[in-house]
Amino acid sequence: MRSVPPVACAFVLLALGAGLVCAAPALAADTAWPALALLAAVYAGCEHAGRCRIIGRRAPRDMGTFFPVLLAGAFLLPPAAAALVAVPGALLARVDQRPRALRRMWRPARLALAGWAAAQAFDRLGGAAAVSAPRLPYALVPCGAGALVFCAVLTLLDGGIRVTAERVPPRTAWRGLFPRTLAPVAVHGLAGMMMAVLWAGPYGPFASLLVLLPMYISCWVFAQYQRERAAHQATIRALVQAVDIKDGYTRGHSERVGQASMLIARELGMAEDRVEVLRFAGILHDVGKLGVPTRLLRKDGPLTPEERKVIELHPEYGHEMVRGIGFLGEARAAILHHHERLDGSGYPYGLAGDRIPEFARVVAVADAFDAMTSTRTYSRARPVPVALAELERCAGSQFDPQMVGALGRVLGRDGWHPVVTADETLPPAPRTESVPAPGAATP
């Protein structure tokens, strides 16, 4: 989010304004400030648990997954007060990515609206009487409804920010978000209900904090997933940097291919987990160049037929390098087959038509598009419309027309805004040249 679209800024400000409107009645009503302060302090402590020397290494940085405290607030407090529980902790939470100010406004607004909506649903179903009695079986209905509404609001807001800030097509922006959010919210909703029942019962507020132990365990498990995901990202980043250092002339090419592949996948309506794997495929499609002699990658002038055969081995080298990386899934086939052509004249195996894996057909289009829109020693960068026209000319013989059409639609609608981090982290490297194959194919 280096350059935030104005519509995304407006969306965040709208959410912030709505959150303020929802929370404003708490300032005038007879609010139970001690209960609100205690819940807000507990949530803020959860947000900052990652900085604790004792548990910091085991707690995730984003402690917004401590939903039980927010849901307990929705089950114990009026809606306006429930909206305030997350505000202090969310405002004080660490923000690593830019733009920091906008993200710092977004987090409390998002959680405040979800907490307010959950409390409204809980109250309308008579949840307060069921919790305070306590009539535990009957409390499941209003508490479950509150958790579902909490999840739905988070899904609605997260999809909206994806549409406005990340330019994800509206028809795919919300796909899969609700089920992924529902699982942790459902579990944490039960913990929140137990906190509320203990709080309202004879044991008092501090006994309810015992629920924080299983809550912490659940977040610790989530942290392991996040840590594993971060390790995946670090593995991919290291491989890409190694390629960029060796083949410095195409530095940034891999990330742009990953971005273009992701745009095509979303336009085709792929599930978000496949979109992520396809992004990995685009980023790593040239990792096999690590197995090609550097003198060939940096050779001035045309390659001999023997030298070209050596360079054309890079898809197989890349496939062997990533064969044991399980999380790449379908990406491995894309790395191996991204230079195949629909008419069977590609390499390394001369596959044709539907025998070429879907991911490989996507990466082939993204790879060729970036090659044509980037300046190289043997060709100047072509304008995006010219590159798309060339892809369309080669569609059906070299490229899958469905993938070409998807790229044309998304670029026609949103434009091409490549974001490359490699240029900022790597020093300049000597020129690398590979003579392109006929048509729009890349080396």
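Predicted model: local features only at pLDDT ≥ 70, side-chain atom pairs only at ≥ 80, totals over all residues.
**View 1. Helix α21 and its buried side.** Helix α21 comprises residues 384-394, and its buried residues are Ala-387, Leu-388, Glu-390, Leu-391 and Cys-394. These residues lie on the same side of α21, because the arc they cover around the axis is only 160°. In general, an α-helix has 3.6 residues a turn, so residues three or four places apart point the same way. The other side of α21 carries the exposed residues Pro-385, Glu-392 and Arg-393. The packing partners of the buried residues of α21 are α20 and α22, the latter spanning 401-414. Just after α21 comes Gly-396, whose phi is positive, at about 100°.

**View 2. The cis peptide bond between Tyr-347 and Pro-348.** Tyr-347 and Pro-348 are joined by a cis peptide bond, for which omega is about 10°. Pro-348 belongs to the loop that runs between α19 (331-337) and α20 (358-372).

**View 3. Arg-167, a residue with positive phi.** Arg-167 is not a glycine, yet its phi is positive, near 60°. Most residues other than glycine have a negative phi, and most peptide bonds are trans. Arg-167 is situated in the loop between α9 (136-165) and α10 (170-173). With a relative accessible area of 31%, Arg-167 is classed as partly exposed.

**View 4. Ile-161 and its surroundings.** Ile-161 is part of helix α9. Its relative accessible area is 14%, and Ile-161 is therefore buried, the cut-off being under 20%. When residues up to four places away in sequence are not counted, Ile-161 touches Phe-11, Val-12, Trp-106 and Glu-166.

**View 5. Glu-276, a buried glutamate in helix α15.** Helix α15 covers residues 272-284 and includes Glu-276. The relative accessibility of Glu-276 is 17%, so this residue counts as buried. Once neighbours within four places in sequence are left aside, the contacts of Glu-276 are with Arg-229 and Gln-233. A further buried glutamate, Glu-390, is found in helix α21, as shown in View 1.

Terms used
Residues numbered from 1 in each chain as written. Heavy atoms only, no water. Helix = DSSP H or I, 4+ residues; strand = E, 2+ residues; numbered from the N terminus. Buried < 20%, exposed > 50% of the residue type's maximum accessible area, 1.4 Å probe, protein only. Arc of directions from axis to C-beta. Contact = heavy atoms within 4.5 Å.
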